[in-house]
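Here is a short report on how the chains of one model meet. Look over the sequence and structure, then read on.

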Amino acid sequence: MTVTYSSKVANATFFGFHRLLLRWRGSIYKLLYREFIVFVGLYTALSVIYRFFLAESQKRYFEKLSLYCDKYAEQIPVTFVLGFYVTLVVNRWWNQFVNLPWPDRLMFLISSIVQGRDEHGRLLRRTLIRYVNLMSLLIFRSVSTAVYKRFPTTDHVVEAGFMTPDERKLFESLKSPHLKYWVPFIWFGNLASKARKEGRIRDSMDLQTIMNEMNKFRSRCSTLFGYDWVGIPLVYTQVVTLAVYTFFFACIIGRQFLDTQQGYGGHDLDIYIPVFTLLQFFFYAGWLKVVAEQLINPFGEDDDDFETNWCIDRNLQVSLLAVDEMHMNLPKMKKDIYWN
Amino acid sequence: MTVTYSSKVANATFFGFHRLLLRWRGSIYKLLYREFIVFVGLYTALSVIYRFFLAESQKRYFEKLSLYCDKYAEQIPVTFVLGFYVTLVVNRWWNQFVNLPWPDRLMFLISSIVQGRDEHGRLLRRTLIRYVNLMSLLIFRSVSTAVYKRFPTTDHVVEAGFMTPDERKLFESLKSPHLKYWVPFIWFGNLASKARKEGRIRDSMDLQTIMNEMNKFRSRCSTLFGYDWVGIPLVYTQVVTLAVYTFFFACIIGRQFLDTQQGYGGHDLDIYIPVFTLLQFFFYAGWLKVVAEQLINPFGEDDDDFETNWCIDRNLQVSLLAVDEMHMNLPKMKKDIYWN
Amino acid sequence: MTVTYSSKVANATFFGFHRLLLRWRGSIYKLLYREFIVFVGLYTALSVIYRFFLAESQKRYFEKLSLYCDKYAEQIPVTFVLGFYVTLVVNRWWNQFVNLPWPDRLMFLISSIVQGRDEHGRLLRRTLIRYVNLMSLLIFRSVSTAVYKRFPTTDHVVEAGFMTPDERKLFESLKSPHLKYWVPFIWFGNLASKARKEGRIRDSMDLQTIMNEMNKFRSRCSTLFGYDWVGIPLVYTQVVTLAVYTFFFACIIGRQFLDTQQGYGGHDLDIYIPVFTLLQFFFYAGWLKVVAEQLINPFGEDDDDFETNWCIDRNLQVSLLAVDEMHMNLPKMKKDIYWN
Amino acid sequence: MTVTYSSKVANATFFGFHRLLLRWRGSIYKLLYREFIVFVGLYTALSVIYRFFLAESQKRYFEKLSLYCDKYAEQIPVTFVLGFYVTLVVNRWWNQFVNLPWPDRLMFLISSIVQGRDEHGRLLRRTLIRYVNLMSLLIFRSVSTAVYKRFPTTDHVVEAGFMTPDERKLFESLKSPHLKYWVPFIWFGNLASKARKEGRIRDSMDLQTIMNEMNKFRSRCSTLFGYDWVGIPLVYTQVVTLAVYTFFFACIIGRQFLDTQQGYGGHDLDIYIPVFTLLQFFFYAGWLKVVAEQLINPFGEDDDDFETNWCIDRNLQVSLLAVDEMHMNLPKMKKDIYWN
Amino acid sequence: MTVTYSSKVANATFFGFHRLLLRWRGSIYKLLYREFIVFVGLYTALSVIYRFFLAESQKRYFEKLSLYCDKYAEQIPVTFVLGFYVTLVVNRWWNQFVNLPWPDRLMFLISSIVQGRDEHGRLLRRTLIRYVNLMSLLIFRSVSTAVYKRFPTTDHVVEAGFMTPDERKLFESLKSPHLKYWVPFIWFGNLASKARKEGRIRDSMDLQTIMNEMNKFRSRCSTLFGYDWVGIPLVYTQVVTLAVYTFFFACIIGRQFLDTQQGYGGHDLDIYIPVFTLLQFFFYAGWLKVVAEQLINPFGEDDDDFETNWCIDRNLQVSLLAVDEMHMNLPKMKKDIYWN
């Protein structure tokens, strides 16, 4: 579920963001505590070995190694590489959100344009909007693991009322080696065209408005599909991950507190806990982990993923209500309080 | 209220921006003076302790600690992290402004297209435009704390004249576990469709123009809602905040003026007031605080937030004027002064 | 007036850009020479004081201060902060240019669609296009100081022929506490709708094309207005200005040539004129001053501002020509030279 | 074939990205292992020469050279230059993906709008959609080496059923020195216009919807063509490549482990394998190689290129199915399970 | 002419980009060899003077100066400034390419919609499309030096067949102090409107489709004009140029090889040729020169400029072919090979 915190920061207050630092759900701590334990464990182990188990000459060698690692750790352009990568991932993530297919525009048109309060009219409107919902469901099954878990087979789709058994039969009779999420889309077009012939849709103007809207809906579906199909090139992700992992590997060795007696530059204090290195771990691992790892596929079941299953339910409920019960069910027009 | 200062900088003048540095309302000083006092207090306290209360050996230890903190403070990539984050936040903020729903395009069409200067015609135009305003009000209530405070219940909406009691009854009779801001949107469609049947809207062409415009209006509303619903991932914000706070924490220790007698590099001057550190505090805290903390939710009551309550009033007043009083109320056409 | 130099750089030539460095109008030199004199003055004054008026011990103290300032001057991330800020400002500036409202699309439609070469037809076309020009004039008066100076009152608008006295009377009779730039927009819609009834516009299709175009025109007007109304948050501008000013303040002290006898690192040469600091002044002050200070409001009277007054004249002249004299005034169709 | 890995990262898990580091197909290792061998070979050769074959004085000279190279290697802004370049390339690459021409929107309209289940109707619909597919094939032949290999001549296009022999004859009879991919586009328009006259397309509204959609399809085709025709300026690519190659050249000399006895700063450890330099090779060469070299033309046959041949087959199969077999072949409308 | 090299990099191969480094046409070498010679000349001259002509004390002074310059050369943020500037220029350059006006969409509509294979119909279609071509020619004359050279006067336009003598007379009789590239645009609208009255264009729907398309075409023309008219602010360009020139000036002095006997840090090796400085010259000068200097006006006659003259010829030839010879000249519809 998306973690909403905007109401917490509506007004800028005294050190207002510190409250955000203390949350658990969807937070950096929840996401990173396991990696953090591993990192601290490795660092501590090495520290203990260095302090208690190494012979003097080994200590000297280790100290040189540590200085060597520290020098190169600083040369790794983690910030820069992450900055560009994260910008790319955040843009993709937001575009996916923006392209979630909502049936609201279509239910508005169908409710207003498709005529008739009789049973045939109702059936027509409900069927049209159901095809819309069916199409988005088929796409969500392809891109979202959460939805796929809920609707693993076409049976589940039929049971949930998105498809009638007749439709399923026809759907499965169509021979194609490719994905068939576009089938309800074609049905929608033909059904609307038929409704036009029957006079339920008054003229070509009305028909085309619905058709264009449906085409836009399909484009959003296929955009989502495209984002799932063609991800950020694997090598880019590998380059970034490699940079961050290398950095942390270098830190485990290079950020050890060395014997203050040896007089190495910048090593005349031993406070045992490498506070700043741990905080750096939080920045960089947090940036990589959350912004990239979590956002790279926002259709999973992480705290910050989109609630696709909730969307599916909301869309069906709301759109059936709009095209059926609310069709030509208007409040009586009365003069408003500013009349003259 | 938005703080406008563009007229102040219309012409580039002699050191023209210094005037901007001396403003209070909406300024960095007003926003930060409390945090600044806290920061200065902590720095001073530590300075006093170091200078007067520590024993010599403690002083030496503190000096090492200070050098250690200073070294790492420089390594924290605050600028870079803030730069990317602020760019993201500013883009979202501007997009929210751009998507504020104004009824001007709809009032233009309704005023021109919906026929009849009789009472029914007036009622029709006023009701249509009222639904538009009602819809934007319902959305604003969801996203803006300022608007929510003004209209905490549906009663307040009815009282303010955005909804009639009949409409409210129907609105509340609709059963849905989900938000119902889209209800006036469906009413609008059905009412326009009815007006078309009655001949108040001449043909499908005219009807579809209005319907498409209304659909665009709804998209803006739902875009605003989307920005409120799905914020910048919490972890991103936490990473940035953590980086800035760590930096300031390191500065409080690391930027102390150390005993100039000890001969630490870069510590042979003691001017008591860390001028540049304080200025850095203003840059970084200002950047984080204002650009991010204030812009991240522009619908609060900060100095720089959008004046949503003013928008609501302006929109209702202006749109009723345009569709009612101004309908077919044209100045007499006369030859302009360039005629022949 | 915009300074155009693209034709100077059409072909890449031998050290081709050096010519651009030698221009005065709209140049960095013209824009900065006053600030430059102030900066050089302060630097020289301090230099003279240091060299001739300070006692030896004061010199030593000043040298320490200078080294201290120099160290921190380098830490101020001026480039980075300016880079992000300038990118934002340049984007806004270009968007404002792109959204300048030109009546060309509307004059094309009005000239082709609104029928009748008789006086009533001519009057209709001229009035419609005049409303378009009037609307853009009203907006320009709000956003541009140059236009506001030329048309300080509605009287000037009427005198210049954008409004007839009748229209002005009606305009002023409309009661609204808000800006009324949208009034000609509503008049346009109603007048077009009336022309449709009279048969001057043949059908709803033609009418809607004009209406949609007018709606686009209005959107551009309100976009301009939006950019003027909601600027870049004041604090962002303050942060950037503060960073640059701090940097220059630090430079005046920190970039002094110190006594080469004292053996400070990097201070064994005294060439009196801090060439590179002066050049840095040109980069940073130039970047801030021009790109930000000048572009932040492109509707003033700077060398690089948009020529709004010229636009207003061009638009009126050209659009009246197109809808009136050129209406159905076509060259005789003849076979072109490639016929068969 | 595109390498999809998003399902692998749907849920953020314990050190979740390490799995991505271990893949071969489409990975950084597969892409770089040859270059890596060359780089390691050169480094080793130089190392061996330095350690075993140089005289003492030559060693001293080499050491100075190595320190010199190392100093400048750090000054080369590889990260920065690559960051901007990669951002540009990734944007172009994604835009090309987004502009792949899919016939889905057209097949939806053709299936619904073009009337008649008789043979003439079927022929009409199939021919129209075939022109669409033919056009995209002609474009793909221009931009994709993979498609060009499969369809080297017009014969292959005819054989694959995209063109009939009659069409080919007419196609080749048209005299033009320029590319003729737009020919099926004009045929489509004229055929649709003819179908309108015959009443197969009911009215101008329906006709224009199809025509507009076809125009959008053509724009996508020509966008693809434009990306192929006008690449990133060669000099930009050369600058970036030169920077990266220079960096690696400097590394081969400058990152040698020097005699620890000589006491050069940062050279008191000899671990034979320059771990961090090798990892840097992977970052930078990986970034350049993959993100730029592979994405710069996504229509080749690399692991991460778009599967254009698969698209062509899918589009033909699916679109013929939609316009022919599925035309007015609707499931019987039944009440859904939420009816009342 | 645009330099296309994408087919060279379709498949990522062994050190694939090195081939790009060896090209001459459109390459960094061709573009920079003159500047390079100047730079090397200055460097060598200074080197010779330093080594052979200066007295010992002058040498010592020069060495200090050189170290001073070197120190500041490193502080000049060339990379950063260039990065932001180049991003801006490349975006503008690509937008100009994207907005090149192609008549393909219009020729598609005119060929399909404007009726009649008789001479009047042919004349009508040819004239309409000729106006389209004429308009783009007039714009190209304003923005492109190459086109202006080819068509210096209206006579040349008439001779090339874009305008008939009658049209020219009418064109020149229109009095306006402003550019008149929009005149054929108004003619187009009026001619299409007349064709509608004569029944050559069937109804308003068809007419509006053409009109809207023409309006889009005009927008592209005026976008090109806008890019030419309002360039990147001169001061931005000056800042960037100044930064790069300052850097090279500092390099010529600061990157000299100093006497290795004097023991200056980093100056214990004299290899006479400053390899890395020369390579840096190539990066930075290349970046500035090519990406900015060449792309800033892509309508000149550089290797990488758009081939506007070729476009003009192609557009006229192809569009006349499409609207005349191909009008209703369709291949006979036959069953495709997948029929049943």
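## A salt bridge to start from

Lys334(B) and Asp166(C) form a salt bridge, with their closest N and O atoms 3.1 Å apart. A salt bridge here is a side-chain nitrogen of Lys or Arg within 4 Å of a carboxyl oxygen of Asp or Glu. Across the interface of chain C and chain B, the rule finds five salt bridges.

The model is predicted: local features need pLDDT of at least 70, side-chain atom pairs count only at pLDDT 80 or more, and totals for chains, interfaces and linings use all residues. Residues are numbered from 1 along each chain as its sequence is written, chains are lettered from A and ligands numbered from 1 in the order in which they are written, and side-chain values use heavy atoms, leaving out hydrogens and water.

## The side of chain C

Helix 11 of chain C (residues 204-229) gives the most to the side that touches chain B, with 14 residues. Helices are DSSP runs (H or I, at least four residues), numbered from the N terminus.

By class, this side of chain C has 46 nonpolar, 24 polar and 24 charged residues. Ala, Val, Leu, Ile, Met, Phe, Trp, Tyr, Cys and Pro count as nonpolar; Asp, Glu, Lys and Arg count as charged; the others, Gly among them, count as polar.

## Contacts across the interface

In chain C, 94 residues are in contact (heavy atoms within 4.5 Å) with 98 residues of chain B.

## Chains that do not touch

No contact joins chain B and chain D; their closest C-alpha atoms lie 10 Å apart. Chain A and chain E do not touch either, with nearest C-alpha atoms 10 Å apart.

How values were computed: Helices (H or I, at least four residues) and strands (E, at least two) are DSSP runs, numbered from the N terminus.
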